[in-house]
Amino acid sequence: ATTRYYLALDLGAESGRGLLGRFDGRHLTLEEIHRFPNGPVRLFDSLHWDLPRLFDEIKVALRKAASGGAKPEGIGLDTWGVDFGLIGRGDTILGNPVHYRDPRTEGMIELACSMVPRERIYEVTGLQFMPINTVYQLLAMKQAGSPLLDCAETMLMMPDLLGWLLTGRRAGELTDASTTQLLDARAGAWSDELCEGLGLPRHILPELIAPGSVLGTLRSPVAEETGLPADTPVIVPATHDTGSAVVAVPAAGKGPGSAPDWCYLSSGTWSLMGVEVARPIITEATYRYNFTNEGGVDGTSRLLKNIMGLWLVQECRRTWARSGREYSYEDLIPQAEAAPAFRSLVDPDHPSFLPPGDMPSRIASYCRDTGQPVPDGEGAFVRCALESLALKYRWVVERLEEVTGTPIATIHIVGGGARNALLNQFTADATGRPVLAGPVEATAIGNLLMQARARGRIGSLAELREVVARSFPVTTYEPSESGAWQDAVGRFGALVPGRG
Ligand code: LFR
């Protein structure tokens, strides 16, 4: 069989990678050809992404692909959601994209809901209310009288922005557009009603294109600089990383519209937990639980919830490192295992945990405020974070079942977090369901296989998932010790506010 090559550029909040995929029609193999760190850059009081450097790293990945001799028949980009850049006249980049953890969005949900009723915003978009959503970032710019908003011609989400730098074409890929909370979830089109109601410039929102489309080919300066042929197509996968990750869940044989008796948990900086459904589910209950409906491939929807995820641990590690205590996960996990069980629990999604900064002291204040002992020592903090995440997963699974009316038999954990065996076991134990962990590289795999599909090498989403199941191993964690978690489930439930 002919082997074909694809290049995935997968950018996360902590790091970015270039992965070369080799696909022989049945199996996919991966080779990481480039990796680089990512993170916020503080300028005065705001947090930015370093767009020029990110684009430069992408070009390094392209160059490495070219010098390796493989001629990819596609290049695809995916990144985290909600963040964007603005483009002005003459292809001027208007500032560096602002990081979603920047405090500018404080109070913006409340402001938006005073202009358009909260229920109406949800009814149209089906999106969970989170301060990080694009719509609140735009509203913050408008409130601040940002001169950039006045001269913007086009707003492009991060993957679209990088795709524009590669190809020169301005377009908005649908899955990432769905993270803005400006998209009409059912129509799959920008909501004129919300733009008007919130006073946001409708004209800067780009033409929308579906995942699996060809964005364009490389601009000739990019081709020359990197050594890749100028006719190399840039294909949009699900450019929202979570969308790509869910594409690559190895639920063999299950395609869109089939009963969601499995759920996914895409585990990276965030934990995104939910089910794939044939159309958005926007009900009183999903509103109350603040569940989101994000756009997927082939018209599917991801009914899910954002859970703060391993960010809690990442930010603890950064805090400790600042005081000279550098720990790897390999150091921390055994300490967490040795720490006493169920001593202190937190709701991982408490708003105080969202911004960057000293995480241990925020966890400590949460424990104090809720009458629990403050964790003593690194292991105890990590144990608290992992147990609390597992308990939140259970909370979400139960509500997903309630909303869809379908029992969830298994939990597929994909992404870097699937490496965390302790958290996987906690999740199986807390939820009483088997956990299938892997692949770790789901996002890049979904990106690569959507490119292969766009080139006609794979048929349906179900077939694509069979390729994943065939190509990458999965580790099963059976639930045990479920009894030990019962008391913690009750204590945890009391910490989660009604809206969740
Ligand atoms: C995961 C993710 C989530 C999104 C968050 C912020 O990487 O894309 O889906 O809610 O990052 O963009």
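Predicted model: local features only at pLDDT ≥ 70, side-chain atom pairs only at ≥ 80, totals over all residues.
Helices (H or I, at least four residues) and strands (E, at least two) are DSSP runs, and they are numbered from the N terminus. The phi of D298 is near 55°, which is a positive value in a residue other than glycine. Most residues other than glycine have a negative phi, and most peptide bonds are trans. D298 is partly exposed, because 15 other C-beta atoms lie within 10 Å, and a residue has to have 20 or more to count as buried and 12 or fewer to count as exposed.

Q181 is not a glycine either, and its phi is positive, at about 65°. Q181 sits in the loop between helix α7 (174–177) and strand β11 (183–184). Is Q181 buried or exposed? Q181 counts as buried, because it has 28 C-beta neighbours inside 10 Å. A further backbone feature is the peptide bond joining G438 and P439, which is cis, with omega about 0°; P439 belongs to the loop between β21 and α17 (442–454).

## Helix α12 against helix α15

Two packed helices are described by the angle between their axes and the distance between the axes. For helix α12 (residues 311–322) and helix α15 (residues 378–404), the axes come within 9 Å and cross at roughly 160°. Since angles over 145 degrees count as roughly antiparallel, α12 and α15 are therefore roughly antiparallel to each other. Their crossing is right-handed. On the side of α12 the contact is made by L312, V313, C316 and W320, and on the side of α15 by E378, F381, V382 and A385. Sorted by class, this contact of α12 with α15 has seven nonpolar residues, no polar residues and one charged residue.

Q314 is also placed in helix α12. Q314 is partly exposed, because 18 other C-beta atoms lie within 10 Å. Leaving aside residues up to four places away in sequence, Q314 touches E14 and T269.

In helix α14 (residues 359–369), the buried residues are M359, P360, R362, I363 and Y366. They cover an arc of only 165° around the axis, so they are on the same side of α14. An α-helix has 3.6 residues a turn, so residues three or four places apart point the same way.

What do the buried residues of α14 pack against? They pack against α12 and α15, the pair of helices described above. The face of α14 turned away from its buried side carries the exposed residues S361, S365, R368 and D369. After α14 comes G371, whose phi is positive, near 70°.

## Helix α16, enclosed by its neighbours

Nine of the eleven residues of helix α16 (residues 421–431) are buried, so α16 is largely enclosed by the rest of the structure. The buried residues are L423, N424, Q425, F426, T427, A428, D429, A430 and T431. They pack against helix α15, the strands β20 (410–414), β21 (435–437) and β22 (475–477), and helix α19 (482–495). α16 is followed by G432, which has a positive phi near 70°.

α15 passes α16 in a right-handed crossing. The contact is made by L386, E387, L389, A390, L391, Y393, R394 and V397 of α15, together with L422, L423, F426, T427, A430 and T431 of α16. By class, the contact of α15 with α16 has ten nonpolar, two polar and two charged residues.

## An exposed loop residue

H203 lies in the loop between α8 (192–198) and β13 (208–209). H203 is exposed, because it has 9 other C-beta atoms within 10 Å, and 12 or fewer count as exposed. H203 and D192 are eleven residues apart along the chain, and their C-alpha atoms are separated by 9.9 Å.

How values were computed. Residues numbered from 1 in each chain as written. Axes fitted to C-alpha atoms, helices over the stretch in contact; angles between N-to-C directions. Parallel < 35°, antiparallel > 145°, perpendicular 65-115°, else oblique. Left-handed = near helix turned anticlockwise from the far one by under 90°. Contact = placed C-beta atoms within 7 Å. Nonpolar A, V, L, I, M, F, W, Y, C, P; charged D, E, K, R; others polar. Arc of directions from axis to C-beta.
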